[in-house]
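Thanks for asking me to look this one over. Here are my notes, in the order I would go through them with the model open beside you.

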Amino acid sequence: MLIEKSNSKSHIIDGNSSLVGLKTKVKKGTVFIRCSKRNVFCTLMDTLDKKVKTSCSMRVPAYENEYNERENPYTRGLLLGNMFGNKTSELGYNDLTIYLGAGINKGRRGVVRGLGQKGIKISLIQLGTGYPHNGCRPSKVRRKKFRTKPKISR
């Protein structure tokens, strides 16, 4: 039995040179997602905490606006996730841990969906800032007295 190794894949070759097994190397990384009001920032780091790739939702190419709707952060995040997923797969990262850092924005949800659509395995999603699903109980509404007689102006 002969084992042949290349950069990212190792092939096990039998005596009659048929392909017996195919093993792929798993490259792990961490994606930090930071949000502002209208922008989403993604940073890819390897396991040794070295910055590999950084991207921003403002760099995403413009999409065709079919229904003339307002450009929302979710669509920008989805496009950023697709673009960022292509870059991470080109760099060879197969397994990602996602840390959703500061900021509450719908764009960060789009980035996670965009990365998932590219076939990259997401092993963990960690929330940095929590947000209330229902929130605190609202204060009592002030009852206003209704006038029974019309106000006479002089």
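1. Let's start with the unit built from β7, α2 and β8, which is a right-handed β-α-β unit. Right-handed here means that, with the strands pointing away from the viewer, the path from the first strand over the helix to the second runs clockwise. Helices (H or I, at least four residues) and strands (E, at least two) are DSSP runs, numbered from the N terminus.

2. A word on the source before going on: this is a predicted model, in which local features need pLDDT of at least 70 and side-chain atom pairs count only at pLDDT 80 or more, while totals for chains, interfaces and linings use all residues. Residues are numbered from 1 along each chain as its sequence is written, and side-chain values use heavy atoms, with hydrogens and water left out.

3. Now the strands of that unit. β7 and β8 are parallel, paired over 6 bridges; strands count as paired if DSSP finds at least two bridges between them. Asp-95 sits opposite Lys-121 in β8, and Leu-100 has Leu-127 of β8 as its bridge partner. β7 also runs parallel to β4, again with 6 bridges joining the two. There, Gly-29 is bridged to Leu-96 of β7.

4. Buried means under 20% relative accessible area, exposed over 50%, and partly exposed in between (1.4 Å probe, protein chains only). Just past the helix, Gly-119 adopts a positive phi of about 85°.

5. Beyond its neighbours within four places in sequence, Val-111 contacts Ile-33, Val-40, Cys-42, Gly-77, Leu-78, Leu-80 and Gly-81, where contact means heavy atoms within 4.5 Å.

6. Val-111 also belongs to the largest nonpolar core, which has 17 residues; the members touching the most others are Val-31, Ile-33, Leu-96, Ile-98, Val-111 and Leu-115. At least two core residues come from each of β4 (28–35), β5 (40–46), α1 (73–91), β7 (95–100) and α2 (107–117). Such a core is a set of buried Ala, Val, Leu, Ile, Met, Phe, Trp, Tyr and Cys residues joined through side-chain atoms within 4.5 Å. In soluble globular proteins, nonpolar side chains tend to be buried together.

7. Where does Ser-55 lie? It is part of strand β6 (residues 51–56). Ser-55 counts as buried because its relative accessible area is 4%. Leaving out residues up to four places away in sequence, Ser-55 touches Val-40, Phe-41, Cys-42, Leu-80, Met-83 and Phe-84.

8. For the cysteines, the disulfide count is 0, a disulfide being a pair of cysteine sulfur atoms within 2.5 Å. For Cys-35, the nearest cysteine sulfur is that of Cys-42, 8.0 Å away. Cys-35 is buried, with a relative accessible area of 11%, whereas Cys-136 is exposed at 74%.

9. Finally, the whole chain. It holds 2 helices and 8 strands, in the order β-β-β-β-β-β-α-β-α-β along the sequence. Of its 154 residues, 27% are buried. Among contacts with a separation of 6 or more, 56% link residues 24 or more positions apart. The accessible surface is about 12300 Å², with 52% of it belonging to carbon and sulfur atoms; these areas come from the Shrake-Rupley method with a 1.4 Å probe, and for residues only the protein chains shown count as cover.
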